[in-house]
Amino acid sequence: MRLLELASALFRVREITAIQSNEGTATVPLTLARMIRRVICAGFIGLFIWSSVPSVSRAFAGPFPKRIDAFHSSDTYFEKVTGLAHESQRIIDALDSLPPGKPLLVFNRDKDPISSWLGMALAYLAWPREVRFELIEGPRCDQQLAKIAPDSIGAIAFCNVQPPRWLPGGMSLGQYGKLVAVAKPAAK
Amino acid sequence: MSFLGLAGALGTLLLLGGGISTVLLARKGSINVAEWICLSWLFGVCAISFLLWVGGNFLNGATLQSLVGGLALASAILARRALSRVQPSLRIPRPRNWCEWLLSAVLAIQIVAIFLISLKHTLGWDGLFVWEIKARYAFLNGGVLPDAYFQGPGRAFSHPDYPLAIPFAQLWIYLWLGEANQFWAKSIFPIFYGVGAVILALLGSRITGRRWIGLLLAILLFFVPQASLSTGSAVVGYADFPLAIVYLAAVGYLLASLKPENSESAVPIFATCLICLPWIKNEGAILCLVAAGFAALLILAGRLPRRYCFVLVPGLVMAIGWRLFLRSVQVASTVDFVSINKESLVGNFNRLPSIYRVIFAEVSALESWGIFWLAAGLAVLFLIYRWRYLTERLLALLIVTPLVLYSGIYVFSAWNHYLDHVASSVPRLLMQLVPVGLLGIGLAVSEIVYGGRRATDPPVEAN
């Protein structure tokens, strides 16, 4: 009942809607008041366009891609973050060589966008491997790492986190990260 | 080979959407070709992704692709039959004077520019890690998203609970290409921009009765950087722009349906848009609820025939069905909101002033929005000033209600720093209302420029 009252209050108006077809326009005589209104509207539209020109023109900057690449976006991001080109396929190959059932452990630094991006990118590429995230505060993860049984994971990714000295080797992800295989490569 | 695959994917998608839109538009007696193509794209994206998802429960790989492709073909054949039965006339909207030619040329240049700019851009962060990721994983798994994806906490960052319209449209391209390709996955977004701009021009023309205003609105869309070119815009692969366009179509056809001679053709299109909304993004369920709610009130108030009650149901079924599916696969998702109840509302109500401060700072950022929100705000005030006219009243409500709901939802944010939640997500939520806001601007401009009611308007009685 209340709904009906609300509907009546909102929409029970007598006039017919203003919707009309394109053909239904009529010529309106131009008075001074109308002319002033038109100038104000034109000015506003001009301001609308002018206020966005700097942002719009920025979007045109930058080169066109030289080739069509299956990893066009992730490779571009990796290159920006790590300085390394064509990283996506290299990471997939590295993870594919590990035993399939063992998860990837990612150490992420709290409130660190680069670490967060790197962790997500690795998780994105690691499919169908299971991924576990460990969020840490600060640059080191020795304590958290000590609690983990080595045979329970396939690889560890350190995303803007320093790997412990006793864990050598691994694949460099530029200055911000490292991917270390813990499990032995799967037999081909 | 890539181009052939892409053409096959987009062609079959348009066949399916074309079938749906033909059946919907054939009732009108004459079909506007531009409108037909635009609706074919919108409904094609939603239908192909829906069929892939449903079909993926039973089939996979080439069988799934063949079934969906066959259905697209069948849809086109059915549409051909409907056309030959009804025999509507096909209308190509040509510019009628130098002003319309000029505006159409500028619009065409802008659409080409968006295509070129999208080649330069990569997929955005969410474009890659929230949307494309689903297409990629489904492709690597024979066209089906495995339960492991929904359940694994390691990929909760990718929002497995988000619906599949956009990623499965990308999956359709992957199936035709034979590879997951981030570059070609972007190709659907500039098409969405082109379609959105043309729909805005069409609906703007109809609602204001002036074609030049419709074209101008479509041109102005380009000058809202957050919608056209910035982070989160049409060129970086987020679902917000497609959602904004489908909401625009829903609002436009709801407004069109208020004229009795239009309601027969406009209401089914409105209803189809309602189905698409919750299938594109979770917020689409809110927009669907808002649009369906006002349509229900129009029906209750006798402004729309009561027989249209049933058209509101499928959209809500889609929204509820997706939630039930997520429950059945026990989805692991990040918890962004606490449960919505009286306690959390009362406990967090004091957040509202801070939330609105952040939103105000956002909408006044010239770099992202230009003066769009100032113009939209003034337009809404003007529409409220013209409250006694139904179109103005309804359009104002359809702009303001989602805005109020979107800002209010942060009262229930589960983030420790809820203002970070607002700042990080509100630009995208606001962007979903840009095309509808432009429609409001167009209506206000039309009435200001032409001095109140148009000559063809019927006499007005106050409440």
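Helices, of at least four residues, and strands, of at least two, are DSSP runs numbered from the N terminus, and the views below show parts of a predicted model.

**View 1. A:His86 in the loop between helix H3 and helix H4 of chain A.** Helix H3 of chain A spans 72–82 and helix H4 spans 87–96, with A:His86 placed in the loop that lies between them. The phi of A:His86 is near 50°, which is a positive value in a residue other than glycine. Most residues other than glycine have a negative phi. A:His86 counts as exposed because it has 11 C-beta neighbours inside 10 Å, where the cut-off for an exposed residue is 12 or fewer.

**View 2. B:Gln87 in the loop between helix H3 and strand E2 of chain B.** B:Gln87 is exposed, since 9 other C-beta atoms lie within 10 Å.

**View 3. The cis peptide bond from A:Trp127 to A:Pro128.** The omega of this bond is near 5°, and A:Pro128 lies in the loop between helix H5 (113–126) and strand E2 (131–136) of chain A. Most peptide bonds are trans.

**View 4. B:Leu42 in the largest nonpolar core.** This core contains 211 residues, of which B:Leu42, B:Ala250 and B:Ala291 touch the most other members. When neighbours within four places in sequence are left aside, the contacts of B:Leu42 are with B:Gly17, B:Val195, B:Ile245, B:Val246, B:Ala249 and B:Cys276.

Definitions and conventions: Residues numbered from 1 in each chain as written. Chains lettered and ligands numbered in written order. Predicted model: local features only at pLDDT ≥ 70, side-chain atom pairs only at ≥ 80, totals over all residues. Core = buried A, V, L, I, M, F, W, Y, C linked by C-beta atoms within 7 Å. Buried ≥ 20, exposed ≤ 12 C-beta atoms within 10 Å, placed from the backbone. Contact = placed C-beta atoms within 7 Å.
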